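Dear colleague,

I am handing over the structure below, followed by notes on what was found in it. Please read the notes with the coordinates open beside them.

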Amino acid sequence: MNRHLFLLLFVAQSLMTLAQQTPLFTQYREYGSLINPAMVPQAWIPYEHHFTAGISYRTQWTEIASAPRTAVVRGEFMTRDYSPANAIFGGHIVHDQTGPTGFTGVYGRLAGVISDDPYYGGFGAGMNLGLVQYRVNVSDLRFRDQEDLALLEDQNKLFPDVGIGVYAYKRFTSGFLEESVVYGGVSIPQTLGLDLEFGNENGSFNTQRMQHFYGMLGLYKFFSDGSFIEPSAWVKYVSGAPVNVDFNLRYQMAVNLWIGAGYSTSSSIHLETGVLLGDDVNLGSDHLRIGYGFDYNFTSFGPFTGPAHEVNIAFSLGRF
């Protein structure tokens, strides 16, 4: 019985480690530039804001010691001169720590949207170019022979990283989808798979980073009072793990409050809420968004991981 329990715990931990090679998000629409570098700025489709900057912090699996923690700072800008190709510039810094392992990456983003008028839709392609520090705090690792611990030091390595993606969206002004925008894209946010070896003349150990494949599909349905609903799905695949899909539905009310809920095929539910501040805090047509996300996992095997909490703060601008 103890051997079977150990096996279950080992498998669960392995799956969690594999999944956390790239950060997970509840309010994933806020992280469009990380998930798919070809996406238009998050506030462009619903508000026609072509500049967005934000910060976020996420704690995951809070019942587990040394659980994942992720912090992100991001910014993006899209030109809107209605030329055949509208450029998108941006960048982000992501800091992720899971137990003794972690990474910090600095990325620049360049994309283009082919469209005569990006208000009505377009097709985009883009890439993120970054430099990432991977690290292992050896002092936090458990060795079969603790004397091995004295032979190794904390390790870190720098490697380049590349993310690529394509994205398209279209606004409908008549027919069944009148006053709606459909969007979707596919991406590989971590194109360079790495097999990292850490150590020195006294010993070494390896960690492997796998390529991830993402797909996203969604729809905005706008109403006359300024509110909208947004169903969406985020598909994630990495070799050696089952396909995972997040389904979400968000409702932006006319009173500048939004709520949302969703379900993941990894047996977890998502809840989110937030406020959108504009005229009521003297920002005019510009917006300050403050959002909170919550995940709860219902997996019936392995250790209880606990919920996840996520906070996002973003500021977006129209023309300036």
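The side chains of Arg29 and Glu272 form a salt bridge with an N to O distance of 2.6 Å, the term standing for a side-chain nitrogen of Lys or Arg within 4 Å of a carboxyl oxygen of Asp or Glu. Because Arg29 sits in the loop between helix 1 (2-19) and helix 2 (32-35) while Glu272 belongs to strand 14 (residues 268-277), the pair ties together parts that are 243 residues apart in sequence; helices (H or I, at least four residues) and strands (E, at least two) are DSSP runs numbered from the N terminus.

This is a predicted model, in which local features need pLDDT of at least 70 and side-chain atom pairs count only at pLDDT 80 or more, whereas totals for chains, interfaces and linings use all residues. Residues are numbered from 1 along each chain as its sequence is written, and side-chain values use heavy atoms, with hydrogens and water left out.

Arg29 counts as buried at 6% relative accessibility, and Glu272 does so at 8%, where buried means under 20% relative accessible area, exposed over 50% and partly exposed in between (1.4 Å probe, protein chains only). Arg29 and Glu272 also belong to a network of salt bridges that includes Glu230 and Arg250, and the structure holds nine salt bridges.

Another salt bridge joins Glu76 to Arg109, with the closest N and O atoms 2.6 Å apart; Glu76 lies in strand 2 (residues 69-78) and Arg109 in strand 4 (residues 101-114), 33 residues apart. Both Glu76 and Arg109 are buried.

Best regards
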